[in-house]
Amino acid sequence: MAGSRYEYVKKFELPDPLLLGTFLVLRIDGHAFHKLSEAHDFTKPNDERALQLMDHAARNVMNEFNDICLAFGESDEYSFLFRKSTTLYNRRQSKIITTVTSLFTSSYVYNWSKYLPDKELMYPPSFDGRIVMYPSPKEIRDYFAWRQADTHINNLYNTVFWALVLQGDESTTQAHATLRGTVSSTKHEMLHSRFSINYNSLPARFRKGSVLVREQVMPEKAVLLAPAAEGAASTPDVEGQGIPQPSTRKPPKKPKAQYTVELLHCDIIGDEFWDQRPYLLA
Ligand code: ATP
Ligand code: ATP
Ligand code: MG
Ligand code: MG
Ligand code: MG
Ligand code: MG
Ligand code: MG
């Protein structure tokens, strides 16, 4: 189709390819969620249903984009790891960021009432998105360790902070002052002695964040057999009777690898998680 004389404007568009052979990490983060969480009266320090909604939106993203093998979420953010071999949208940066970020956002809104049925969504939430390219598995391990360490630091702080405010009758200003300069062991001790909270017995979702990982499912033996729907399974074995049974004589097809996306709240800083899943960094 011949273009119009205006079409030259297209030439002003700049290519924005992401470097080949690099791991891509896309992180989305809620815009002004401090305000959004207040406006919708989120439970402090952690509104579990709001976190589940984030997990749901992230799962929708992973169901749409198969090249995302791992995701990690905490608070109002989610990080998505793309296989380094991905050719999604020819690795065009803005196409990937905008499509993933808008799918995450629309899914968050679309599913809001399932998780927070008693809270009317007061205004449209939005998320920002960015992609960082990493050259090797070391930086990917360190990236996810960085996010999970952040989850821990924030959650410990917020847990003591809200205990001081909600149970200790301190103002938010006082609570910040009480915590200024305290180290981790002091916070643990404060929680324990003043509020009888054992930090380690809090839900793993709060302490470890959410890990969505694409896991290979070992095909069941049944899948290797000819499907019953074709009528073959109900036919008795006629081996040696000389009656041709073409539908049962086909060599069984090699089953396609099947994947599911699992939600975990486990440690991803140590080696175990990664040693069990070498394909994540392949
Ligand atoms: P920005 O637009 O710069 O990201 P922000 O207000 O979103 O600003 P963040 O640093 O992203 O700031 O922090 C998100 C804030 O949202 C948290 O500090 C917390 O107050 C709130 N929040 C997010 N999720 C939850 C939740 N599940 N339960 C309670 N509060 C939450
Ligand atoms: P891409 O993801 O590459 O943008 P696309 O399928 O969205 O692929 P576009 O070139 O953006 O392709 O074209 C959008 C298409 O959506 C149109 O060609 C048309 O078929 C359909 N479409 C969009 N809006 C309308 C509308 N209001 N009424 C009917 N069809 C529409
Ligand atoms: Mg921020
Ligand atoms: Mg935010
Ligand atoms: Mg944030
Ligand atoms: Mg269009
Ligand atoms: Mg389009």
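Angles run from 0 to 180 degrees between N-to-C directions, with axes being lines fitted to C-alpha atoms, for helices over the stretch in contact. Helices (H or I, at least four residues) and strands (E, at least two) are DSSP runs, numbered from the N terminus.

This is a predicted model, where local features need pLDDT of at least 70, side-chain atom pairs count only at pLDDT 80 or more, and totals for chains, interfaces and linings use all residues. Residues are numbered from 1 along each chain as its sequence is written, and chains are lettered from A and ligands numbered from 1 in the order in which they are written.

So, the helix pair. H2, residues 48-64, packs with H3, residues 93-115, at about 135°, and their axes are 8 Å apart. That's why we call H2 and H3 oblique to each other.

Now the sheet. It's open, with 6 strands in the order S4-S1-S3-S2-S5-S6, and the pairing is antiparallel (two strands pair if DSSP finds at least two bridges between them). At the edges sit S4 (127-134) and S6 (258-264), each pairing on one side only. From one strand to the next, the twist averages 20°.

H3 shows up again here: H3 packs on the sheet and touches S1, S3 and S4 (contact is C-beta atoms, placed from the backbone, within 7 Å). Within the sheet, S1 (residues 23-30) and S3 (residues 77-82) are joined by 6 bridges, and leucine 24 stands opposite phenylalanine 82 in S3.

How values were computed
Parallel < 35°, antiparallel > 145°, perpendicular 65-115°, else oblique. Contact = placed C-beta atoms within 7 Å.
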